[in-house]
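Subject: Handover of a structure

Hello,

I am passing this structure on to you. Please open it first, then read my notes below.

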Amino acid sequence: MASRLRGSLQAVLRLGIMLLLSGTVAYATEAGPSADELMQRGRSAAQQGALEQALVDWKAAAQLYEQAGQAKGHIQALSHAAYAARALGHINQAFLQQELALQLARKMGDPTWLTLTLSELGKTYVTSHQYDTAADYLSQAAGIAQTRNLRTLSAAIRNDLGIVLALQDRLPEALAAFQDSATSATEENLYMLFVRARVNAARVAMRLNRFDEAAAALSEADKQLSVTPASHDKVDELINLALGYRDLATGRPDDHARGVTQSAALLQEAVAAAGESGDTRLASYAYGHLGHLYEGERRLDEALRLTRRAVFAAQSAGAPESLYRWQWQSGRLLTRLGKLDDALSAYQEAAATLQPIRAEVAFASQTSLEPDHRSIRSLYFELADLLLQRAALMSDASEADPYLRAARDAIEAYKAAELRDYFRDDCVDQIQARLTKLDAVSPATAIIYPIIFSDRTELLVSFPDGLRRHSVPVTASALTAEIRSFRRMLEKRTTREYLPHAQQLYDWLLRPLLGDLRKLKVNTLVFVPDGPLRTVPMSALHDGNQFLIAQYAVAMTPGLDLTDPQPINRSRAQLLSSGLTKAVQGFPPLPHVAEEMEHIHSLFKGEQLLDHNFVTPRLEGELKDGRYNILHIATHGQFATDVNQSFLLTFDDRLTMTQLERLVGLLRFRQDPLELLTLSACQTGIGDDRAALGLAGIAVKAGARSALATLWFINDEASSELVSEFYRHLHDSSISKARALQLAQLKLLSEQLYEHPAYWSAFLLLNNWL
């Protein structure tokens with residue numbers, strides 16, 4: 001709560017109420033509540049954390065206001081609905097609503113409403129990580145507010161702009177914005193905004209190692225709160241200020257004891273104030289943060305007692321976004337107290353509570369200035385670790401198996417959440433709704449599921465006869481360093497410096513499995529990689545004599561629950577190929593693409609879009625025809641940390657991942673979805689785990705069963721030869737896609753010109769390998 005974009009909901013609700021004139025007509029249908037009643041019902045639901053219900057009510061109110069021609073009410077309802085949508089992770093919906101509100105405000109010409117809608121649209125861009133655009137909209141809003149002397153709005157917007165600048169690491173500018181906000185808040189008697197801005201300024205000052213300045217800002221906020229009358233907002237800001245003192249204690253060890261004491265006193269005051277007002281939701285945060293403070297001081301029994309009170313308060317308030325945090329905290333404390341079974345129950349309860357509100361929690365973390373805001377990744381990995389510890393205590397393999405599967409499921413839940421957050425939509429949910437587990441798909445396939453913990457690496461491997469566990473004593477930092485070195489050396493085509501790293505990774509990740517792989521006559525390995533492992537091709541691992549690809553067909557999937565294990569129907573295959581041979585938009589030519597496309601079309605029926613024909617409207621027109629189940633795109637592509645910076649190059653434009661999903665989505669709901677998406681000239685940055693996540697998830701995003709793509713840009717001629725060979729083998733219905741890629745890679749490996757893995761290993765088969 002205290003880590004949220006400070007004041008977002010309160011600003012929307014209160015300014016909306018202030019701006020909507022009292023005594024408005026109650027616009028209603030004969031059979032239902034009025035628009036005003038729906039607005040109030042939505043506010044009540046939002047204050048209780050029921051954002052789904054609030055969104056429904058505010059959207060209904062917007063329709064009623066629109067029907068009645070009440071522009072101000074319509075804008076207000078749309079802005080409220082946009083807030084709820086973005087808090088729930090429905091970013092595209094939030095944009096639609098807020099952009100409509102902005103259009104109405106521009107048409108109405110009221111500077112107050114225009115300022116408010118611009119600022120809210122800026123906040124929506126914050127949740128989409130588009131900080132430059134967010135700063136632009138907030139700056140526009142700030143400019144209008146200043147010109148039109150809208151002092152209340154100006155003060156609030158300066159605080160919001162400070163948050164965006166801090167998220168951009170423009171810390172001196174952020175600090176100045178928070179100071180301006182605090183000054184204006186004082187002039188306008190906006191005492192809670194003053195406190196909020198000073199605490200935000202303190203956090204930024206700490207990041208700049210200006211601890212005296214941070215202490216002074218916190219002291220000013222403390223002084224103001226001490227003379228502020230009791231209210232819901234005061235309790236909220238007491239908690240926020242307490243967290244500021246806690247962070248100061250952490251950052252300035254000499255004042256640690258005093259900072260902890262001040263933080264504890266403020267949280268105890270918040271507990272008392274929340275109790276007097278009956279606000280159980282805020283009480284849960286006060287108790288929980290006080291428990292966390294004691295956890296840090298190793299006062300574990302006291303911390304657990306307070307945390308249990310936080311859990312009870314959150315349950316009483318019906319506040320799941322608070323509840324999961326304190327269930328999780330209970331699990332950590334119980335683990336440290338040696339109560340393993342109780343800890344496991346607490347972790348499982350936390351994960352279950354988090355599941356339906358994961359998008360809202362992700363929204364909060366994306367806009368957090370709180371340095372101690374724990375990633376939900378930690379929850380899932382700590383749960384998995386606990387389950388594996390429990391499995392190790394079992395004497396019989398059959399007793400351990402449920403714990404191993406539960407550990408894998410915990411990581412799987414995180415992987416799905418991670419992919420949702422990267423693409424910022426529900427593409428994952430749509431594909432999961434029609435898929436089944438992979439464990440029993442193919443008798444000659446092993447599915448290797450690495451889980452990287454700080455102190456070790458676990459390998460959970462699904463063999464045809466069951467699940468096995470191998471624990472490898474290599475730390476996350478050592479494994480990551482080896483992976484980074486391997487990737488750097490792998491792209492150096494004139495040396496064999498990659499080899500020691502390829503062999504070391506083989507020894508850690510494959511050698512422990514060799515006995516079972518040989519015994520069960522496995523011929524295909526499917527990796528479900530985590531973190532840095534997504535950035536390297538497993539096919540290039542080396543046992544000292546030969547590459548892994550010489551022994552096994554290799555594929556990769558971002559998650560067990562994200563793969564549709566169905567073989568391609570060759571007899572009904574229709575291919576749409578598109579690509580560039582010419583140099584466009586500053587990118588070099590790809591002269592061998594024409595030859596590549598001609599070879600593919602000699603095997604599969606379909607249409608070609610080359611050079612000036614490869615434009616988005618033409619591509620959309622062909623896909624609307626609906627007859628294609630293979631889409632081949634031979635063009636430059638870039639996968640970046642930010643999905644908004646990822647693209648595929650067309651002749652005259654750049655095709656974003658959202659546009660690609662929309663185009664390929666035209667095929668998604670047919671009886672036969674897109675079977676294969678090939679991207680033969682894309683690249684990700686070395687060490688960019690999130691970019692590799694985007695590449696790994698491209699099939700999921702596009703609604704395709706499989707994708708063939710490259711981790712880095714390789715020689716145009718080598719790429720053309722490998723892709724042509726892949727399609728030649730794919731034409732054989734007795735060969736799986738993984739085997740077709742293996743044969744194509746082995747062909748290049750056998751050629752002296754292309755034997756270096758830089759040429760052939762960059763190609764990854766993603767998702768369905770059959």
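Accessible areas here come from the Shrake-Rupley method with a 1.4 Å probe. On that basis, the chain has an accessible surface of about 28700 Å². Carbon and sulfur atoms account for 49% of that surface.

Bear in mind that this is a predicted model.

**Confidence**

The chain has a mean pLDDT of 88. A value of 70 or more is reached by 90% of its residues. Among the elements, helix α23 (residues 499-509) has the highest mean pLDDT, at 98. Helix α1 (residues 8-19) has the lowest, at 41. Over residues 1-29, pLDDT stays under 50. The model still has 87 contacts beyond four places in sequence for that stretch. Where pLDDT is low, predicted coordinates should not be read in detail. Please treat that stretch accordingly.

**Overall make-up**

The chain has 770 residues, and 61% of them count as buried. It contains 32 helices and 15 strands. Take the contacts between residues at least 6 apart in sequence: 71% of these join residues at least 24 apart.

Strand β12 covers residues 674-679. How many of its residues are buried? Six of six, so the strand is mostly covered, where buried means under 20% relative accessible area.

β12 pairs with two strands named here: β8 and β14. Strand β8 (residues 630-634) runs parallel to β12, and four bridges join them. Leu631 stands opposite Leu677 of β12. Strand β14 (residues 704-710) also runs parallel to β12, joined by five bridges. There, Thr678 has Leu708 in β14 as its bridge partner.

**Helix α22**

Helix α22 spans residues 476-490. Its length checks out: 15 residues at 1.5 Å a residue should span 21 Å, and the end C-alpha atoms are 21 Å apart. The buried residues in α22 are Ala476, Leu479, Glu482, Ile483, Arg484, Ser485, Phe486, Arg487, Met489 and Leu490. What covers the buried residues? Strands β1 (445-452), β2 (457-463) and β13 (682-684) are among the covering elements. So are helices α23, α28 (689-696) and α32 (757-760).

**Two single residues**

Ser263 sits in helix α13 (residues 256-277). Its relative accessibility is 1%, so Ser263 counts as buried. Beyond its neighbours within four places in sequence, Ser263 is in contact with Ala242, Tyr245, Arg246 and Leu293.

Glu382 lies in helix α19 (residues 376-392). Is Glu382 buried or partly exposed? Partly exposed, because its relative accessibility is 23%. The C-alpha atoms of Glu382 and Leu344 are separated by 9.6 Å. Along the chain, Glu382 and Leu344 are 38 residues apart.

**Salt bridges**

Side chains of opposite charge can pair when their charged atoms come close. The structure holds 39 salt bridges.

- Arg534 and Glu418 meet at 2.7 Å, N to O. This pair links distant parts of the chain, 116 residues apart. Arg534 is in the loop between β4 (524-527) and β5 (553-556), and Glu418 is in helix α20 (residues 397-423). Arg534 counts as buried, at 3% relative accessibility. Glu418 is buried as well, with a relative accessible area of 15%.
- Arg468 and Asp516 have their closest N and O atoms 3.3 Å apart. This pair also links distant parts of the chain, 48 residues apart: Arg468 in strand β3 (residues 466-472), Asp516 in helix α24 (residues 514-519). Arg468 is partly exposed, with a relative accessible area of 22%. Asp516 counts as buried, at 17%.
- Arg456 and Asp455 have their closest N and O atoms 3.1 Å apart. Arg456 counts as buried, at 12% relative accessibility. Asp455 is partly exposed, with a relative accessible area of 48%.

Which residues are linked with Asp455 and Arg456 in a network of salt bridges? Asp385, Glu458 and Arg469.

Best wishes

Conventions: Residues numbered from 1 in each chain as written. Predicted model: local features only at pLDDT ≥ 70, side-chain atom pairs only at ≥ 80, totals over all residues. Heavy atoms only, no water. pLDDT = per-residue confidence, 0-100. Contact = heavy atoms within 4.5 Å. Buried < 20%, exposed > 50% of the residue type's maximum accessible area, 1.4 Å probe, protein only. Pairing = 2+ DSSP bridges. Expected span 1.5 Å × (residues − 1). Salt bridge = Lys/Arg side-chain N within 4 Å of Asp/Glu carboxyl O.
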